[in-house]
Amino acid sequence: MLIRRPDDIRPSEVTPYRVYMNRRHFIGRSAKAAAAAALVPGLLSACDETERMEARPAPPAVPESATKGGPNSQERSWEGVRSELDEPLTPYDDVTGYNNFYEFGTGKEDPARNAHTLVTRPWTVEVTGEVARPAVYDLDDFLAPHAPEDRIYRLRCVEAWSMVIPWTGIALADVIRRFEPTSKARFVEFTTLKDPEQMPGQRRRVLDWPYVEGLRLDEAMNPLTLLATGVYGRDLPNQNGAPLRLVVPWKYGFKSIKSIVKIRFVEEMPETSWAVSAPSEYGFYANVNPEVDHPRWSQARERRLGEFRRRPTLAFNGYSDQVADLYAGMDLRRWY
Amino acid sequence: MVRANPARRRRVASKVVLWVLCLGPALWLGFGAATDGLGANPIEEITHRTGWWALFLLTITLAITPVRRLAGRPGWVRYRRLLGLFAFFYATLHFLTYLVLDQFFGWSYIVEDIAERPFITVGFAAWLMLLALAVTSTTGWIRRLRKYWQRLHRLVYVAALAGGVHFLWKVKADTREPLVFLSAIVVLIIVRVWAPWTRRAPRPQ
């Protein structure tokens, strides 16, 4: 489901219910935001956000029976949900059981096995660099002013497999506006937690820890760019980058950094982990591009998990309409 | 019919055990595939496991000669061909998985892969070498090729190296496992080149 197209059906309309657990979070956040706005009259933007959220129709009540029990009861509410190109969602177990998160091991099933050691509460996010109000936020305060949204996005891994995932999160653009980057800010750099106690994969120097990713400011401000807090209507499992991760659906998955502790606004292009690790293979931009192969394998096709035949990879992962303008005039072979 | 002596019975039994051990991974893989037990990306899993077993068995095959010398068990040479053929068996499964399951006979992509992607070129070359060795592994071919047979079959070291490099070039950042394989293969090559036993004992023909 592509968003920000006025005529489109919003994902929230497709989704049968707002899932109970997340709704509670949502209400909690709204209450906090309202309290904050009441205490600090100058926080006008937060106030607006709160009003906007409260103006939304209340989500339909979910019968108690649908919220109890294992993941199945919640999955059911997503059954049959399809994104724009008639692509079914990747099952919850695959989304949460097969991914790369080298902080917990380099196997695809390692994150699900090992990420239980990550402590996601309390969690702080440092906002720093070229920004009017640098500060360290408790995660709840960080999220409070923003309305969570559901977005169904394709995810295309640089390894040529892909998924379709229903995220819940907040628009990064709203967050950036709130922190008021200075005129010097041209890039946003994100950093993952570094703590080998919690992230056993960091005991080996597979990458130069902590993991760092970045976006050009205009990429970060694009309406597609999401800071996700949930998947399938529930809180992000640790292995998917809890409690806060980036989702940039038109770029290869490694750009969508997980378990973020720092957001820094900078003037120079950040040195991102994979681009540092293997600069000839991974660039800063890492836009999904079927015409520019990885030096070691083709990017022309991909395997959508659950499908037998490879399917053609789409330019910008199918989001050209929303993002191709960002790269007008750029040589995408050079800026891979 | 002469009653088999105990030594012969042991040899037969050990070969049966070896067959079972070598077929085990393939059966286990088949079982996993049939019961949806290969995770979210079964084709990738099959590719990885068949490749791993091919390289593992190839490395074991190379180890047979030094081990039987060091352990004073010259008779173990009789397992070498079996192990080598099983290495070829898994390498072939690996290649077929790529050809059929992964690429589904997308010949243009396959040709491009083999021609332009060094890790695939090297892997394909390794498989071709193993193919040549498997075909000429019969007693008939040993007789026909005479002294050339041994020269030809030294290719197994090149094939193993190529297989190890293929694995190393494939991984993204975690090079531990391919490096373990490559180290083992390099050590075995060094042992073979220096081969103290070849100076003492006359070579078998």
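This is a predicted model: local features need pLDDT of at least 70, side-chain atom pairs count only at pLDDT 80 or more; totals for chains, interfaces and linings use all residues.
**Entry 1: two helices in chain B**

I started with helix α1 (residues 6-34) of chain B and found that it packs against helix α3 (residues 80-102) of chain B at an angle of about 15°, the axes lying 11 Å apart. Angles under 35 degrees count as roughly parallel, so I noted α1(B) as roughly parallel to α3(B). I also looked up the hand of the crossing of α1(B) and α3(B), and it is right-handed.

**Entry 2: who touches whom**

Next I listed the residues where these helices meet. From α1(B) I have B:K15, B:L18, B:W19, B:C22, B:L23, B:P25 and B:A26. Their partners in α3(B) are B:L82, B:L83, B:F86, B:F89, B:Y90 and B:L93. Sorted by class, the contact of α1(B) with α3(B) comes out as 12 nonpolar residues, one charged and no polar.

**Entry 3: over to chain A**

Then I turned to the interface between the chains. How much area do chain B and chain A bury between them? I read about 2200 Å², with 49% of it on carbon and sulfur atoms. On the chain B side, B:A40, B:R117 and B:K172 lose the most area to chain A, and together they make up 31% of what that side buries. I noted 21 residues from chain B and 27 residues from chain A in the contact.

**Entry 4: salt bridges**

Last, I checked for charge pairs across the interface of chain B and chain A, where the rule finds five salt bridges. I also looked up the pair A:R310 and B:D102: their side chains meet in a salt bridge, 2.6 Å from N to O.

Conventions. Residues are numbered from 1 along each chain as its sequence is written. Chains are lettered from A and ligands numbered from 1 in the order in which they are written. Side-chain values use heavy atoms; hydrogens and water are left out. Axes are lines fitted to C-alpha atoms, for helices over the stretch in contact, and angles run from 0 to 180 degrees between N-to-C directions. Helices (H or I, at least four residues) and strands (E, at least two) are DSSP runs, numbered from the N terminus. Angles under 35 degrees count as roughly parallel, over 145 as roughly antiparallel, 65 to 115 as roughly perpendicular and the rest as oblique. A crossing is left-handed if the near helix is turned anticlockwise from the far one by less than a right angle, and right-handed if clockwise. Contact means heavy atoms within 4.5 Å. Ala, Val, Leu, Ile, Met, Phe, Trp, Tyr, Cys and Pro count as nonpolar, Asp, Glu, Lys and Arg as charged, and the others, Gly among them, as polar. Buried area is the accessible area (1.4 Å probe) that two parts lose on being put together, summed over both. A salt bridge is a side-chain nitrogen of Lys or Arg within 4 Å of a carboxyl oxygen of Asp or Glu.
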